[in-house]
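The structure comes first, then the points by topic.

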Amino acid sequence: MALITIPRTLSLTTLVQELLDDIIVLLDPVDLVHLSYTSKYFHSVVVTPLTWSRCLRRLASRDKSPPLLDTFTATREEISQEIQRISRRERNWKKLLVTKVREVSIEWGLVGKLASDGAALVLLRMESTSCDLWSLPNLMLRQKCYGPCWCHLISIAVSMENKVVLGGSNKGQIFIWPIVKENGEVVDSPRTFQGHTEGISCIDIPRDGTGRIVTGSLDRRVIVWDLATGARLQELDTNRQVIGVHLHEAALRTFHTDAHFKKYSFPDFQVVCKHHLPQTAKSRTRPSSGDAGFFFCASAKNHGVLYPPDGPSRSAVETRRISTLALDGSHGRVVVALENLKPIGEAVKVWNFGEKEDEFGSLKAADKQVEMALNCYWWGEAQAVAIVDAGIVVWTRSMRLVLLEFD
């Protein structure tokens, strides 16, 4: 039997250098700075641009936002400022402190849906054959995506990772537009996948690098597709009309018009758990959203239910019915808009479910100018919301896109 020699003195400096570097970059920025003052050795390790670059990329990955500078050419001071910006934004999110408000007017039409992957925003008007892709955080129209005239879109999704915009039609087709334009130009002739017999009510794009997409339909089926080839990889008949779907790792979650939530194992589709939410009537418009293994559903009795990847569900009650919502599972937050409330400051609520409290909080203003914007009545009611890297985007009845920033 081989003998293992253990050094008499074991310390961090005796570890393999690569292992030590991997441990150091897991520290928060403040702890990283404190470590640099403990000894000359750690000071020499921490002050290198490579350490700060890796720390920044880790924070940006956790924040689902790409770095705003080239980490391979940036100076340590520039990287440090970027890390501080990301950390400051997270603190403001927890405090619900809005630091800046931007707004732009858009073309008139029936208010529909917003979808975002954090880095880009897609806007869909009701009964429309097209959707608009907006760049962030400057809220500039990037490209217009047109589908066939014989159907209209009822669901949307976007993925900057895959460089595509997806739309589900009321006839059961999926349309895929490449993200290629920059100045509001038109992109037509999308790729088409055919598999459902009724309208596609929801689309999910897993962030697992597999190139799969998942669609749920009013024909009661869920289909897993290969985005590159259009092949149907998996198919599930749920026996209920599907209005919400989310695939994460080895679990598939669905939400239905009769307020049933189900969790299936994937890929064998065995029912793991199911739950029936309170309801007053069958509805195709009850909002739901899934992200990073979390799934949030709004019931008809003024409260929402959160289903985490593991463990029991949690709920939070509001004073009015939730008309629309957005979920950021990576950071543990839900943004909702309450119906029949005009000022954004009153209509938009945030639940940081990563904290202990199970309640929605109201937005706060960093200065008088932001306070005036949050209390502005002429923008109208909040009709759709989306969580983006910079903060929250609200689509109001007066055809305005309002970006609430937390930087």
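R333 lies over the face of W93, at 4.0 Å from the ring centre. The model is a predicted one. A pair of aromatic rings is described by the distance of the centres and the angle of the planes.

**The pair F261 and F295**

- The ring centres of F261 and F295 are 5.6 Å apart and the planes stand at 40 degrees, so this pair is tilted; stacked would need planes under 30 degrees apart, and edge-to-face over 60.
- F261 belongs to strand β18 (residues 260-265) and F295 to strand β21 (residues 294-298), so the pair ties together parts that are 34 residues apart in sequence.
- F261 is buried, because its relative accessible area is 2% and buried means under 20%.
- F295 is also buried, at 0% relative accessibility.

**The pair W378 and W379**

- The rings of W378 and W379 have centres 6.0 Å apart and planes at 55 degrees, so this pair is tilted.
- W378 has 57% relative accessibility and counts as exposed, since exposed means over 50%.
- W379, by contrast, is buried, with a relative accessible area of 5%.

**A cluster of rings**

- F294, F296, W351, F353 and F360 form a cluster, linked by ring pairs.

**A charge over a ring**

- The group of R333 counts as sitting over the ring of W93, for which CZ of Arg must be within 6 Å of the ring centre and within 35 degrees of the ring normal.

Note on methods. Residues numbered from 1 in each chain as written. Predicted model: local features only at pLDDT ≥ 70, side-chain atom pairs only at ≥ 80, totals over all residues. Heavy atoms only, no water. Phe/Tyr/Trp six-rings, centres within 6.5 Å; stacked < 30°, edge-to-face > 60°. Helix = DSSP H or I, 4+ residues; strand = E, 2+ residues; numbered from the N terminus. Buried < 20%, exposed > 50% of the residue type's maximum accessible area, 1.4 Å probe, protein only.
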